[in-house]
Amino acid sequence: MDDESLPQADRQSVEARSSMKRCSVNLRSEGVPAKQASAMPRSNDKHKIIEHYDAISPYYRSLWGEHLHHGYWIRGDESKEKAQLQLIEHLAQVADVKPGSDILDIGCGFGASSLYLAKHYAATVTGITISPVQVEMAINAAAKEQLDAKFLLMDAETMDFQKQFDLLWAVESISHFEHPTEFFASAAKLLKPGGIFAITDWFRKKNLSSEEAKKFIDPIQKGMLVELQTMDDYEHLLTSNGLQILHREILNKNCAKTWDLCLDIIKNKSFWALAAKYGTEFVSYLKAFQAMRAGFASGNLVYGLFVASTISNV
């Protein structure tokens, strides 16, 4: 299959990679270190993540939609687009997002959550991502919607802001980070007194045996470029940095349907044409879809939500 036979989104990804090269110098200036040799390659290697999302984002946008995250089914018969909105709505409701909030969207993807918050809460939103292609997509989406959101090429593990925010928003991004302990410490400093940290992410069930981890978790980590913690790990990282847990919730029963739909999506032959282009790591990504489904079915993969708050001076 040649480039012309692929969907428009895939041809756009080829164009976007030239933008990735133009942006690479800026990315390093925002704190992403030059790649260093490692005796033990990490599943969530930062440069692999950049390459992956620059390649897949435009194409995945055309198949999965504007939100690059799980859906949240309430009745069970909603469309995937509706379910994805319901996840954002649920997190925003639990986090009690206030109108006019100043929000930092950490790992903003295509910018859809940022734009939702700007539109529905009259919020001022800043989105950050390490993918140059995602930055371009998000900027274009904001311009089209004429919303108060800006998007920056920035590494969340070396965030550099001269201000604090009312709300930090991180949907399925932190598990990609190489140094979560340092991230949570720096993120907590970016919250105003009484500020809120709203998180959804993928977790491993606690007390897994080595056999269970090898069977259910390792294929997810390898294919999805993540390193999975337990929910207790995140709770400790939040509370040890002075945050109070306001809400903790497991969303597996509402979100597992995501992977039934994703398995249908990757039957598209064009996805496997991308695998031919990008090699074995992309094949591992596609195979991880089945691993995600198996992780949900077995309960060894947990989709969790946290809302935490700093202590208000009031």
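Cys262 is buried, with a relative accessible area of 2%, where buried denotes under 20% relative accessible area, exposed over 50% and partly exposed the range in between, for a 1.4 Å probe and protein chains only. Cys108 is likewise buried, at a relative accessible area of 7%. A disulfide is taken to be a pair of cysteine sulfur atoms within 2.5 Å, and by this rule the count comes to 0 disulfides. The structure is a predicted model, in which local features need pLDDT of at least 70 and side-chain atom pairs count only at pLDDT 80 or more, whereas totals for chains, interfaces and linings use all residues. Residues are numbered from 1 along each chain as its sequence is written, and side-chain values use heavy atoms, with hydrogens and water left out.

The protein contains 12 helices and 7 strands; helices (H or I, at least four residues) and strands (E, at least two) are DSSP runs numbered from the N terminus. Of its 314 residues, 54% are buried. With contact defined as heavy atoms within 4.5 Å, 76% of the contacts between residues at least 6 apart in sequence join residues at least 24 apart.

The 7 strands form an open sheet of mixed pairing, in the order β3-β2-β1-β4-β5-β7-β6, two strands being paired if DSSP finds at least two bridges between them. At the edges stand β3 (149-153) and β6 (244-250), each of which pairs on one side only. From one strand to the next, the twist averages 15°; for the angles reported here, axes are lines fitted to C-alpha atoms, for helices over the stretch in contact, and angles run from 0 to 180 degrees between N-to-C directions. Strand β2 (residues 124-129) runs parallel to β3 and is joined to β3 by 5 bridges, with Lys150 of β3 as the bridge partner of Thr126. Helix α4 (residues 112-121) packs on the sheet through contacts with β1 (102-106), β2, β3 and β4, and its direction makes about 175° with that of β2. Strands β4 and β5 also pair in the parallel sense, over 6 bridges, and Phe165 has Leu191 in β5 as its bridge partner. Strand β5 is mostly covered, 10 of its 14 residues being buried. Helix α3 (residues 80-95) lies across β4 (165-171), β5 (191-204), β6 and β7 (301-309), and runs at about 35° to β7.

A nonpolar core is here a set of buried Ala, Val, Leu, Ile, Met, Phe, Trp, Tyr and Cys residues joined through side-chain atoms within 4.5 Å. The largest such core has 64 residues, of which Ile56, Trp169, Trp202, Ile220, Met224, Phe271 and Phe289 touch the most other members. The most is given to this core by helix α12 (residues 280-298), with 8 residues. Another core, of 28 residues, lies apart from it and has Leu104, Phe184, Phe197 and Leu237 among its members. When residues up to four places away in sequence are not counted, Met224 touches His176, Trp202, Trp259, Tyr285, Ala288, Phe289 and Met292. In helix α11 (residues 269-278), the buried residues are Ser270, Phe271, Ala273, Leu274 and Ala275, and just after α11, Gly279 takes a positive phi of about 90°.

Rings of Phe, Tyr and Trp (its six-membered ring) are paired if their centres lie within 6.5 Å, with planes under 30 degrees apart counted as stacked, over 60 as edge-to-face and the rest as tilted. A search of the whole structure finds 12 aromatic pairs. Phe203 and Phe306 form an edge-to-face pair, at 6.1 Å centre to centre and 75° between the planes. Because Phe203 lies in strand β5 and Phe306 in strand β7, this pair ties together parts that are 103 residues apart in sequence.

Two loop residues take a positive phi without being glycine. Glu172, with a phi of about 55°, is found in the loop between β4 and α6 (180-189) and is buried, at a relative accessible area of 11%. Asn207, with a phi of about 60°, is found in the loop between β5 and α7 and is exposed, at a relative accessible area of 72%. In helix α7 (residues 210-224), Lys222 is also exposed, with a relative accessible area of 58%. Leaving aside neighbours within four places in sequence, Lys222 is in contact with Ser43 and Ser284, and its C-alpha atom is separated by 7.9 Å from that of Asn44, 178 residues apart along the chain.
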